[in-house]
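I opened a new page for this two-chain complex. My notes follow the order in which I looked things up.

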Amino acid sequence: MDQKELRLLENQCIQEEPPECMAACPIHLDVRVFVGQMARGAFHEAWKVLRKTMPFPGILGRICDAPCRDHCKRTKAGQAIEIGLLERACVTTSVPKQRILALPKKEKRIAIVGSDLDSLTAAWDLSRKGYGITLFESGEQLGRSLLAMPEAILPRDVVAKEILDLDELGVEIRLNSPIHDKFFLAYLHRGFDALYLGQGDIAELRDEDNGIFACGSSQHGGAGSPVWQAAEGRWAATSMDRYLQKVSLTAGREKDGPYPTKLYTRTDGVIPLPTVQPLDQVQGYTQDEAIREAGRCLQCQCLECVKVCAYLKHFGGYPKKYAREIYNNDSIVMGSRQANKLINSCSLCGLCEAVCPEDFAMQTLCIEARRDMVQKGKMPPSAHEFALLDMAFSNSEQFAMVRHEPGHKASTSVFFPGCQLSASAPAMVKRAYAHLRQIIPGGVGLMLGCCNAPASWAGQEDRFQTEFSGLRDQWISLGRPDIILACSTCYQIFQTYLPEAKIKSLWQVLDEKGLPGDLSVKHGAVPLTVHDPCTTRHEPETQQNVRNLLRRLGQPYEELELGRNHTECCGFGGLMQNANPDLAKTVVQRLSGQSSADYLTYCAGCRDNLAASGKRAVYILDLIFPDTAMPDPGSRKRPGWSLRQENRIRLKDELLNELWREGSRKMADTRADDHEKIILNISPEVQQTLEDRRILIPDIQKVIHHAESTGEALFHPATGHYMTAFKPYKATFWVEYSVSACGFTLHNAYSHRMEVAGKGQP
Amino acid sequence: MNGDYSSPQDLAWKCRKCNINLIVGPATLTYMGNRMTANLSQCPICGYVLISEELALGKMAEVEQVLEDK
């Protein structure tokens, strides 16, 4: 990512766009922050917010006509916030005198004619910029139009006190000046570096090229509006400053006045609330009334993506911030890459893009960052290792295979059940394959393996391409049959990387060609809640196929609020579970909590993740191919990491035996490796430890086998336990065990990646 | 992660091969091209070093993460 790409991305996230009120305010008061402080009852803090932007807040705060009000989002749920009354409530509270800060004095001198709010504002702004200011007023007093206002609205002593600030800034004041005398104007033009002509007839004498500026020069409207008047003075001050600095008067001033903002704030679901009416209509709000009125403010912001994504919420920011952090992570030369976790924790599910008014795609940002890290050798080695080892397992001889249907020499279709269904429910694969062979003529081949999504998710593009081209070769060897996919991740991968193949989801095939005739188990009337896998986000047909199947099965169902194209990830996607297991738990718990009903899903990964979170979840094949031995499929536990590999080995083994009559290495008796003969006794507690730490039984067997054949171990005389380590690949596994009547009892296991350099070490 | 990472419980283990109690001594740890020395429980004869569960899942995991993010 370069600077330009970063800017584009940053601009795409609208969270930092100003709220409507601030964008509509002619002087862009930070209304949201101001009202927020008022709601907290922090009147002094609110006053500081006014003072930051507003000239003479004691005056303008009392008489501001609040044009922002017409743009307030609260109108979508009740009435607009009474911002003008809140300003008044703030400035009528006694506030401590604050020192006025000004820049060092400059040589240039400016004459300002008139003393309405525009002239006073110009004098205020320019004197704070360090210019020497002389203010000429034709009358005997400053601010005549202000003094003419009703005392109850704007007391005269307030006007006098506020104008005293100009004295403090060193503004020279000349009353009774003959400002309508043309010679006087010429005198001012000669004696000063620039002139400002306030509201009135002489404003027509404007000549900006010669340093004569005037009210209304910016062509804005708003006559009679105090805040517009102040804004006119402010814009003129900016022009004069630029004129004296000899820079462009117009460049970069598109946002001087009100402008449209891109900030999106959802208001559906907001409870409508009416305006708080002040008891005293003249004096306005009491403090208590003001706090209540300010409390109605929606504090407009977008955060559409953060509201629906536990991952985006977890890192405490929003996409604009994350884009910057990811950019910095890439550009860092020395020190820690602090966004690695952020980059590797995204499930790549794309929900952010689906809900974003501007289509910001966090998943694209993260996957590109991962590819970049892999290419530069900066990907933390442990981030995705476990999943990639599991992928390698699925593509090894232990699971991968490709065959035409028994008794056929060609395939019109091939079934690719994927690695997770085979790991979760191998019997379902067999039943589905049997049914497909019945309903599809011409031979249905079988391919077992992994679609290699983990390599893609890990950013390992080269490895993905290599492995996937192996799958392509297998498909070609079968004669390019149509591919039937049970897993929506596989579907996504094949659709993207094998566009020349005709692919169908298993659900489409079943919807089109029919379910098994004998659906002996009738399903209850209790509705299930459908959870769509996140990889079907852009597959409405697949989503519909599943609902059609449910209808045919007589299974009532309900929808999740976040379903179909707004569905949430279960925490499996994008290898989130590997890089950030704790966050993946939060994510699945969030999903589980969206409905109290049992879930129905059509992704084995989702089903198992939901089950592991304690949620009752049914896989759609549980309904289509009911298992009499499993009358309550919603209660099925998630098979652990080791069993998931064991299930895949067994599935291949049984299929080869039962369908192709090929002698295979039988599970129990003819194990190929010595370590596999080691029999382990494992308590449920230790089993859970292995699950949490992602330690596989074959690795434990290797460690114990190593210790028993070399004698390398420690011994604990008091307990009789052995402790030993072995490094089958990049991680070192430590195992605490004892010898039992048959085999070994496992007491503990853990791993680390750091290596011990020394004699006698694994 | 230089420092002392042995605990009294670690010294309750004996080397099975050498049949001798462990002692505390310096050992070199390496990860991703970085070398560190720490005092760890080990066999005084064959040098077999014990990495306890607490060390592996605590300080060591922390240092691994830091080095991976460098």
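How many helices and strands are there in chain A? I count 33 helices and 20 strands in chain A. Helices (H or I, at least four residues) and strands (E, at least two) are DSSP runs, numbered from the N terminus.

Ground rules first. I am working on a predicted model, where local features need pLDDT of at least 70, side-chain atom pairs count only at pLDDT 80 or more, and totals for chains, interfaces and linings use all residues. Residues are numbered from 1 along each chain as its sequence is written, while chains are lettered from A and ligands numbered from 1 in the order in which they are written.

**Entry: overall form of chain A.** I looked up the radius of gyration, taken over C-alpha atoms. For chain A it is 37 Å, well over the 27 Å that the globule rule gives for 762 residues, so chain A is more spread out than a compact globule. The rule is 2.2 Å times the number of residues to the power 0.38. The C-alpha trace of chain A spans about 115 × 65 × 50 Å along its principal axes.

**Entry: domains.** I find chain A divided into domain 1 (18-96 + 283-294), domain 2 (109-244), domain 3 (304-375), domain 4 (390-514), domain 5 (528-638) and domain 6 (674-752). These bounds come from an automatic or database domain assignment. Between domain 1 and domain 6 of chain A, the C-alpha centres lie 68 Å apart.

**Entry: burial and cores.** Of the 762 residues in chain A, 46% are buried. Buried means 20 or more other C-beta atoms within 10 Å of the residue's own, with C-beta atoms placed from the backbone. A nonpolar core is a set of buried Ala, Val, Leu, Ile, Met, Phe, Trp, Tyr and Cys residues joined through C-beta atoms within 7 Å. The largest has 116 residues, and A:Val587 is one of those that touch the most other members. Helix α18 (residues 362-375) of chain A gives the most to this core, with six residues. Apart from this core lies another, of 77 residues, A:Trp228 among them.

I then checked contacts (C-beta atoms, placed from the backbone, within 7 Å). Not counting residues up to four places away in sequence, A:Val587 touches A:Ala310, A:Tyr311, A:Ser347, A:Cys569, A:Gly571 and A:Met576.

**Entry: the interface.** Which element gives the most to the side of chain B that touches chain A? It is α2(B), with six residues. In total, 29 residues of chain B are in contact with 30 residues of chain A. The chain B side divides into 18 nonpolar, three polar and eight charged residues. Here Ala, Val, Leu, Ile, Met, Phe, Trp, Tyr, Cys and Pro count as nonpolar, Asp, Glu, Lys and Arg as charged, and the others, Gly among them, as polar.

**Entry: sheets across the chains.** Strands pair if DSSP finds at least two bridges between them. I traced an open, mixed sheet of seven strands: β15(A)-β19(A)-β18(A)-β17(A)-β16(A)-β2(B)-β3(B). β15 of chain A and β3 of chain B each have a single partner strand, so one side of each is left without a neighbour in the sheet. Within this sheet, β18(A) and β19(A) pair antiparallel over eight bridges, and A:Val739 stands opposite A:Phe744.

A four-strand open sheet runs β20(A)-β4(B)-β5(B)-β1(B). Three bridges join β20(A) to β4(B), antiparallel, with A:Glu755 opposite B:Thr30.

Technical notes
Two residues are in contact if their C-beta atoms, placed from the backbone, lie within 7 Å. A residue is buried if 20 or more other C-beta atoms lie within 10 Å of its own, exposed if 12 or fewer, and partly exposed in between; C-beta atoms are placed from the backbone.
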